[in-house]
Amino acid sequence: MLTFTEEHEMFRTTVRDVVRNEIDPHCDEWEHTGDFPAHQLFKRLGDLGLIGVEYDAEMGGGAADHVYTMILGEEMGRCASLGVAMAFAVQTDMATPSLHEFGSPELKEQFLRPAIAGDMVTSVAVSEPDAGSDVAALRTRAVRDGDEWVINGSKMWITNGTQADWLCLLCRTSDEGGYRGMSQIVVPTSTPGFTVSRKLDKLGMRASDTAELVFEDVRVPVANTIGEIGRGFQQQMSQFQNERMIASYQMVGAIELALERTAAYLQERQAFGAPLAANQYLQYELADVAADLDMLRHHNWAAVAKYQRGEDMTREATVAKLKAARIARRMADLAVQFHGGMGYVEENWPARFFRDTRLWSIGGGADEVMLRTLARMNGILPG
Ligand SMILES: Cc1cc2nc3c(=O)[nH]c(=O)nc-3n(C[C@H](O)[C@H](O)[C@H](O)COP(=O)(O)OP(=O)(O)OC[C@H]3O[C@@H](n4cnc5c(N)ncnc54)[C@H](O)[C@@H]3O)c2cc1C
């Protein structure tokens, strides 16, 4: 059981208020335009101390405990656009953890400090057209030329990709195959040879820009390498744990709000001479999601406790990501179904929620990749 202090609850209120008052009112417009003003929004959130809540105070971070990250995730998950919530999570928990943990002081000063302040927007660039689930298949390559890396290749599906100031790039830096010989490199997007080749038109998460990126003889200092040369894959695997947990934290908030809203709708909507909520079938379906949500929340708490003890939490993050996505998808399906036609039109929240939640069984490692990891951990998969 986690202990929540008064400060934790005050933090929750701060995030809930900013989401409700400063983000939600713009979400319809951003969904329509297909992006949101990341620099403007992240600056505001940075000013409120919502970026880097656990990062070192001397870098401008909050030096807070991981419970704050969980609360931040849960409250962002209540945002009217899960695309905005995801894009923000890229900044806080997907593109910056490696730099914080493994980066040199100079690199952090140049790139982490402004990211925490919200002055720079970040992306994590791992996936490629031919390497998504199979990260070891990636081909983008950095070749050393004196004190510089010369980078060639392309990246696909990159969140914040049209707006980012720098990327946490995972690429090959030696001829060793498979999981070896990769490094994480900070690539400023102002570097000559970098281009955004395409902005992708997606089913959901529509307020979040997703891009294909091309690197043609992009030169960056070798000093931009995060951590050890050749350890990029291992560092990225660690960064993925943060990514998977923040997804699960967000889904707790998202499912909770969807449950509340669907229950309220069923109380109001009359059919067959009574509120729809009078149907036991509808009650029980929602009660079942509520039970799943309790289990997910408690699983997250156990993961937080393990994280705070500094223990490996690969298993917890894998289970959390898998289950969070699946429960969210079930909730989304019920929300649409129980709203009837009202759930199928753009003017009501279930339609967007249905599209947005679908992503989490694919992005950040597909369900099957989570299952593969668990199968291996349980001795079901050889090797
Ligand atoms: C909106 C969006 C945002 C994204 N943001 C980012 C980002 O910011 N940075 C980034 O690097 N990437 C990002 N991604 C990429 C995302 O992580 C990948 O899409 C994901 O890892 C799956 O890779 P893929 O799309 O290439 O699918 P593939 O690898 O081609 O897999 C297709 C499907 O095959 C199945 N499958 C795959 N492997 C196995 C297996 N071993 N066993 C059984 N079934 C399997 C799964 O059902 C999977 O969905 C984003 C994707 C989307 C759609």
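Buried residues make up 55% of the 383 residues in the protein; buried means under 20% relative accessible area, exposed means over 50%, and partly exposed lies in between (1.4 Å probe, protein chains only). The structure is a predicted model, in which local features need pLDDT of at least 70, side-chain atom pairs count only at pLDDT 80 or more, and totals for chains, interfaces and linings use all residues. Residues are numbered from 1 along each chain as its sequence is written, and side-chain values use heavy atoms, with hydrogens and water left out.

The protein holds 11 helices and 10 strands. These elements are DSSP runs numbered from the N terminus: helices are H or I with at least four residues, and strands are E with at least two. The radius of gyration is 21 Å, which agrees with the value near 21 Å for a compact globule of 383 residues. This radius is taken over C-alpha atoms, and the globule rule is 2.2 Å times the number of residues to the power 0.38. Along the principal axes, the C-alpha atoms fill a box of roughly 80 × 50 × 40 Å.

Strand β4 (residues 166-172) pairs with two strands. Two strands pair if DSSP finds at least two bridges between them. With β1, strand β4 runs parallel, joined by 4 bridges. With β5 (residues 182-188), strand β4 runs antiparallel over 7 bridges. Individual partners can be named. Threonine 122 stands opposite tryptophan 166 in β4. Alanine 125 has leucine 169 of β4 as its bridge partner.

In β4, 7 of 7 residues are buried. One side of β4 carries Trp166, Cys168, Leu170 and Arg172, while the other carries Leu167, Leu169 and Cys171.

Glutamate 31 lies in helix α1 (residues 6-33). At 7% relative accessibility, glutamate 31 counts as buried. Its C-alpha atom is separated by 35 Å from that of glutamate 6, 25 residues apart along the chain. Leaving aside neighbours within four places in sequence, glutamate 31 is in contact with Ser81, Arg206, Ala207, Arg352, Arg355 and Asp356.

Most residues other than glycine have a negative phi. Alanine 63, in the loop between α2 (38-47) and α3 (66-76), has a positive phi near 50°. Alanine 63 is exposed, with a relative accessible area of 52%. Phenylalanine 272 also has a positive phi, near 55°. Phenylalanine 272 is found in the loop between β9 (270-271) and β10 (274-275). At 88% relative accessibility, phenylalanine 272 counts as exposed.

Technical notes: Contact means heavy atoms within 4.5 Å.
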